[in-house]
Amino acid sequence: MALNCSLVSALFTRSKPLLITEIVSGVRCLTLGSVKFSDAVNPESQVVSRVRSLSLGSLKSSDVVNPETQVAEQKARNEDAGQFTELVRDFLNPKDFYNALCMHGMDYFCGVPDSLLKDFCAYVTAVTPKSRHVITSNEGQAVALAAGYHMATGKAGVVYLQNSGLGNIVNPLMSLAVPNVYSIPMLLLVGWRGEPGKRDEPQHMIQGQATPGILASCGIPFQVLPDYQEGAEQALYVARKHMETSKGPYCLLVRRQNFIPYKLEKEPDLYPLNREGALQVIVDSLKDRDVVVGTTGMLSRELFEYRVAKGHGHEKDFLTVGSMGHASAIALGIAQFKPKRQIFCIDGDGAVIMHMGALATIGQSEVPNFKHILINNGCHDSVGGQPTVGFSHTFDFLEIGKACGYRSVLAAEQPEEITEAIELMRSLEGPVLLEIKTNKGGRKDLGRPTRSPIQNKKDFMHFLAIDH
Ligand SMILES: Cc1ncc(C[n+]2csc(CCOP(=O)(O)OP(=O)(O)O)c2C)c(N)n1
């Protein structure tokens, strides 16, 4: 097949390559020394500050407070609290907590990054040798890895995850790690999204409420990780003692903003676009009846905002707000039963890697209208930018896609290449895989969908019902 484009840098058929805050500012109500209520915070500024830190709608960039500023502001409020120490808001330093873990003999780390743990995960990534830190494909794999580590060393590893990943660990926890089966001690460090009483997205609210119950039904003892160093050390002591005696997992639930910021060094940009730039080119290249399934994380939020900016409705897009790694299977289910429509799944590298078995299922399915677009930014950008294997020189999504049975695979980087590749995908028999490598990073002022998941599903089903 001759392609009149420098745009698609690689295209293969099956056999041969063709080409191609809640820092609510509420604590500052007392001055140092004599208590003067005249200094109490103006309630209006409190409201502004609250909106700045947490609005679920779209934010203006000027309204966004960076974490360092938040910490500095909070330190100032803490000073204002004076002798009212009960009003002080504490933070754990990732470094101190890391050192405390090591002192308790827990110096092997594995897991899937989480936004609430991002500063801790960033510190682990920065200081731990590769042999003692593995960012795993999914959370269940981390539990299994920690089990292997324990059997080889007799020690307990640290498994970190977001509570969204609890479902992924239930099987290896219950059939491998718990005291009544193989009895494997490990420390689970779980970011508690959707903690009751905190504002969060619908899927996190449900998971957050269920989190203690899930742990309890699995028989995993847990406590909330304190936000001050002495408390955290005490919790680690309890965890270690528990793991020594019961020889099973112990869990620390990590609340929002428990850690002060720690940032990984920014890597140089290698590609013409970032995820959002690539997504916008994709959306601009789609046709009216095309169906989109967006992956978990920032991508679906960017998609939602771009539809607003373009004056489109949202009915063409299914936003996979949770269910990380399952967008492609959702799209496959649609493609099988909507053969006249072109189904585009827009995926992320972390998500594809998390449930990479989906590539085998898709590759072996004979679904000509399934079009898979993978935006590979080499990291879990939505939760702090910790690396995936997506950019490794010895790893290749397109080769995997080919080996799984995708009819064609393509690569594109430049905007014109992406447009041309999507046009080409439309004419090719699926399943087709297009990889777009991008820079990491996104906007800080990204809003969240203002349509609920149920509204999204209803609109989307109406759109799917159009049968021509
Ligand atoms: C089962 C599960 N584990 C972890 C998360 C937290 N999480 C949300 S988005 C994301 C990263 C997704 O990475 P990728 O697919 O590469 O997309 P990017 O954020 O880089 O655009 C993670 C780990 C989750 N939502 N669900």
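**Entry 1: two helices.** I began with helix 9 and helix 10 and noted that they are oblique to each other. The model is a predicted one. I looked up the angle behind that word: the axes of helix 9 (residues 275-285) and helix 10 (residues 298-310) cross at roughly 50 degrees.

Next I listed who makes the contact. From helix 9 I wrote down Arg 275, Glu 276, Leu 279, Gln 280 and Val 283. From helix 10 I wrote down Met 298, Leu 299, Glu 302, Leu 303 and Tyr 306. I sorted the residues of this contact by type and got six nonpolar, one polar and three charged.

**Entry 2: backbone angles.** Most residues other than glycine have a negative phi, and most peptide bonds are trans. I went looking for exceptions.

Lys 247 is not a glycine, yet its phi is positive, at about 55 degrees. I found Lys 247 in the loop between helix 8 (229-246) and strand 7 (250-254). Is Lys 247 buried or partly exposed? I counted 16 C-beta neighbours inside 10 Å, so Lys 247 is partly exposed.

Gln 257 is not a glycine either, and its phi is also positive, at about 55 degrees. Gln 257 sits in the loop between strand 7 and helix 9. Here I counted 22 C-beta neighbours inside 10 Å.

The peptide bond between Gly 430 and Pro 431 is cis, with omega about 0 degrees. I placed Pro 431 in the loop between helix 15 (415-427) and strand 15 (432-437).

**Entry 3: around the ligand.** How many residues are around the ligand? I noted 26, and the ones that come nearest are Gly 297, Gly 348, Gly 350, Asp 381 and Ser 382. I then asked which elements supply the shell. Helix 10, helix 12 (349-354) and strand 12 (379-380) each give at least two residues. Helix 12 has the largest share, three residues.

Last, I sorted the shell by type: eight residues are nonpolar, 14 are polar and four are charged.

Key:
Residues are numbered from 1 along each chain as its sequence is written. This is a predicted model: local features need pLDDT of at least 70, side-chain atom pairs count only at pLDDT 80 or more; totals for chains, interfaces and linings use all residues. Axes are lines fitted to C-alpha atoms, for helices over the stretch in contact, and angles run from 0 to 180 degrees between N-to-C directions. Helices (H or I, at least four residues) and strands (E, at least two) are DSSP runs, numbered from the N terminus. Angles under 35 degrees count as roughly parallel, over 145 as roughly antiparallel, 65 to 115 as roughly perpendicular and the rest as oblique. Two residues are in contact if their C-beta atoms, placed from the backbone, lie within 7 Å. Ala, Val, Leu, Ile, Met, Phe, Trp, Tyr, Cys and Pro count as nonpolar, Asp, Glu, Lys and Arg as charged, and the others, Gly among them, as polar. A residue is buried if 20 or more other C-beta atoms lie within 10 Å of its own, exposed if 12 or fewer, and partly exposed in between; C-beta atoms are placed from the backbone. A residue is near a molecule or strand if its C-beta atom, placed from the backbone, lies within 6 Å of it.
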